[in-house]
Amino acid sequence: MKTFLQPEKPHALLFDIDNTLYRNDEYIRTQVDGQIRRFCELRGIDPLEGETLVRQTKAELERVEGRQPSLANTLVALGVPIADSIQWRL
């Protein structure tokens, strides 16, 4: 386990909400599940149907674009503005 020294009076506090610097699979799962749950509520669909729709859309975007899209961009393709999906993460 790494030990990091923390200053007595820090000048800034950084949050890594997208796993760029620090990875926490449980946190990611919570964020993804929450956004998909909100998408399902918005659409009035069953969570399993919503998960399937998100997975299929993500796969289609990857096929067309040649790279794996983020969940945010997948939701955009499904009609959800990025600003909304960001609010769903809070």
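Student: So a salt bridge is a side-chain nitrogen of Lys or Arg within 4 Å of a carboxyl oxygen of Asp or Glu. How many salt bridges does a search of the whole structure find?

Tutor: The search finds three salt bridges. This is a predicted model, where local features need pLDDT of at least 70 and side-chain atom pairs count only at pLDDT 80 or more, while totals for chains, interfaces and linings use all residues. Residues are numbered from 1 along each chain as its sequence is written, and side-chain values use heavy atoms, with hydrogens and water left out.

Student: OK, which residue pairs with Glu41 in a salt bridge?

Tutor: Arg38 does, and the closest N and O atoms are 3.9 Å apart. Both residues lie in helix α1, three residues apart, which is about one turn of the helix. Helices (H or I, at least four residues) and strands (E, at least two) are DSSP runs, numbered from the N terminus.

Student: Why would three residues apart matter?

Tutor: An α-helix has 3.6 residues a turn, so residues three or four places apart point the same way.

Student: Is Glu41 buried or exposed?

Tutor: Glu41 counts as exposed, at 52% relative accessibility. Arg38 is partly exposed, with a relative accessible area of 36%. The cut-offs are under 20% relative accessible area for buried, over 50% for exposed, and partly exposed in between (1.4 Å probe, protein chains only).

Student: And which residue forms a salt bridge with Arg63?

Tutor: Glu60, with the closest N and O atoms 2.6 Å apart. Arg63 is exposed at 60% relative accessible area, and Glu60 is partly exposed at 37%.

Student: Which residue does Arg67 bridge to?

Tutor: Arg67 forms a salt bridge with Glu65, and the closest N and O atoms are 3.8 Å apart. Glu65 is partly exposed, at 42% relative accessibility.

Student: Changing topic to α2. How far apart are its end C-alpha atoms?

Tutor: They are 26 Å apart, which agrees with the 27 Å that the 19 residues of α2 (residues 47-65) should span at 1.5 Å a residue. The expected span is 1.5 Å times one less than the number of residues in the helix.

Student: Which residues of α2 are buried?

Tutor: Gly50, Val54, Thr57 and Leu61 are. Seen down the axis of α2, they fall within an arc of 70°, so they line one face of the helix. That arc is taken from the directions from the helix axis to the C-beta atoms.

Student: What's exposed on the other side of α2?

Tutor: Leu48, Arg55, Gln56 and Arg63 are exposed there.

Student: And what do the buried ones pack against?

Tutor: The buried residues of α2 pack against α1 (25-43) and α3 (71-77). Thr57 is one of those buried residues, with a relative accessible area of 14%. Leaving out residues up to four places away in sequence, Thr57 touches Thr74, Ala77 and Leu78, where contact means heavy atoms within 4.5 Å.

Student: What happens at the start of α2?

Tutor: A side-chain oxygen of Asp46 comes within 2.9 Å of the backbone nitrogen of Leu48. A polar contact is a pair of N or O atoms within 3.5 Å; within protein, one must be able to donate a hydrogen and the other to accept it, and residues adjacent in sequence count only if both atoms are side-chain atoms. Just after α2, Gly66 has a positive phi of about 75°.

Student: Next, the core. How many residues are in the largest nonpolar core?

Tutor: There are 10: Ile36, Phe39, Cys40, Ile45, Val54, Leu71, Leu75, Leu78, Val80 and Trp88. The elements giving two or more residues to this core are α1 and α3, and α1 has the largest share, with three. A nonpolar core is a set of buried Ala, Val, Leu, Ile, Met, Phe, Trp, Tyr and Cys residues joined through side-chain atoms within 4.5 Å.

Student: Why would such residues be found together?

Tutor: In soluble globular proteins, nonpolar side chains tend to be buried together.

Student: What does Cys40 touch?

Tutor: Not counting residues up to four places away in sequence, Cys40 touches Ile45, Asp46, Pro47 and Gly50. Cys40 is in helix α1 and is buried at 4% relative accessibility.

Student: Last one. What does the side chain of Gln31 reach?

Tutor: The backbone oxygen of Arg89, at 3.5 Å. Gln31 is in helix α1 and is buried, with a relative accessible area of 15%.
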